[in-house]
Amino acid sequence: MTASAGPGVRTDVVPVQPGQELPSGVAAALSAVDPARLVALLQELLAVPTVTGSAAESEGQHQLARRLEVAGMQTDLWPVDLAATTAHPDFPGMEAPRDEAWGLVGTWGGEDGPTVVLNGHLDVVPVGAADAWSSPPWAGAVRAGRVLGRGACDMKGGLACQVVAVEALREAGVRLRGRVQLQSVVGEEDGGLGTFATLQRGYRGDLAVVCEPTAGSLVTASAGALTFRLRVPGLAAHGSMRTAGVDAVEKYLLVHQALRRLEAVRNEGASPLMAHYDVPYPLSVGSVRAGDWASSVPDLLVAEGRLGAGPRRRPGVGRPRPTARVASRGARRALRLGPATADRSRGRADRALRTRRRQARPRAGRVGGGRRAGGGRADAGPARRVRLRRQVTRPTP
Ligand SMILES: [Zn+2]
């Protein structure tokens, strides 16, 4: 985040006309914002390595809870019931294993007005290669007017702004008719556990402000994304007789082309709020793994990706028929070689990508238009597959 606000805190985001005086409460609150305190809080938050799924997530929530209490907020810090939460049919998914997770909400204000939710996530993604950092990722060094560190931008900077904003309002003596509800959540980077658990706790608002990084833009719509995993089976054979096997990579290439067409269909009629993006809701495959030996025809490919979805649209829901039709039409040739299957690794992408297995089931005695090595089903179970592999594999020269 930029730490160069200095004494001249930005006032251009306050909805007043040029020359018009700020409401006294707003002016007092703005003058109570202390950039140095903001930077100090951000550095405190950065010092706890709250990588999503780690124990430090909980440590960070407890640390911030103390801050909210000192600020005079009514603080609710609770252990999330992971078993019940993850079993909920609407649970958005979780990638990182956890033994515990904590929810945190600080509330301040009156009872005679709307509730404004300030929502921010405390968890961060891993640091990657430590030696690639120009300064230690947890130190929060200030350089050229910027605070550097893992999560400084996404989104401990935003969370610190929310906390300092509430503190400034209180210190300026502002009295609210409605309420501010500051929600600090974990598990955002791997699915949305924290916000979901907060909703399950019963917290609701009339307006929500999420301080995710937007380069200073006011963003009123956001796409969603769920991750999926595809398993494309093939049939192993020695590379010297590759036509006796079924190459899972070649099958996947057809599936990938179908995914591109599916992406195009899902982006038809995109929200005007997002129409300026070349692809408002991308469908992206981020990892592909196949095969286990250079001289073998790969008998399995696993691809993982993310499925974008527009505002107010649940991925896989809404227009399921075109979605399923494009997926199945495009991948039909590939699926005839044996069904590809999709499941959700984080979300519900399986609904969008699930294909009709009945259509896709290979015809007896044929795999991909050629003879099936071993004469068995291409989607035989593990034991069967091992036996097939023995029949069609010969020693590496
Ligand atoms: Zn974020």
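Reader: In which sense do E1 and strand E2 pair, and over how many bridges?

Author: Two strands pair if DSSP finds at least two bridges between them. Helices (H or I, at least four residues) and strands (E, at least two) are DSSP runs, numbered from the N terminus. Here E1 and strand E2 (residues 102-109) pair in the antiparallel sense over 6 bridges, with Pro79 opposite Trp102 in E2. Please note that this is a predicted model, in which local features need pLDDT of at least 70 and side-chain atom pairs count only at pLDDT 80 or more, while totals for chains, interfaces and linings use all residues. Residues are numbered from 1 along each chain as its sequence is written.

Reader: What is the order of the strands in the open sheet?

Author: The order of the 5 strands is E1-E2-E6-E3-E7, and the pairing is mixed. Strand E1 (74-79) and strand E7 (207-210) stand at the edges with a single partner strand each, so one side of each has no neighbour in the sheet. On average, neighbouring strands of this sheet are turned by 20 degrees against each other, direction ignored.

Reader: Which strands does helix H5 lie across?

Author: Two ideas are needed here. Residues are in contact if their C-beta atoms, placed from the backbone, lie within 7 Å. Axes are lines fitted to C-alpha atoms, for helices over the stretch in contact, and angles run from 0 to 180 degrees between N-to-C directions. Helix H5 (residues 152-171) lies across E2, strand E3 (115-121) and strand E6 (179-185), and runs at about 145 degrees to E3.

Reader: Is H5 mostly covered or uncovered?

Author: A residue is buried if 20 or more other C-beta atoms lie within 10 Å of its own, exposed if 12 or fewer, and partly exposed in between. H5 is mostly covered, since 16 of its 20 residues are buried.

Reader: How many residues has the largest nonpolar core?

Author: In soluble globular proteins, nonpolar side chains tend to be buried together. A nonpolar core is a set of buried Ala, Val, Leu, Ile, Met, Phe, Trp, Tyr and Cys residues joined through C-beta atoms within 7 Å. The largest one has 41 residues, and Leu42, Ala160, Val164 and Leu182 have the most contacts inside it. H5 gives the most to this core, with 11 residues. A second, separate core of 16 residues includes Ala248, Val255, Leu262 and Ala303.

Reader: Why does Val302 count as partly exposed?

Author: Val302, found in strand E10 (residues 300-309), counts as partly exposed because it has 14 C-beta neighbours inside 10 Å.

Technical notes: Two residues are in contact if their C-beta atoms, placed from the backbone, lie within 7 Å.
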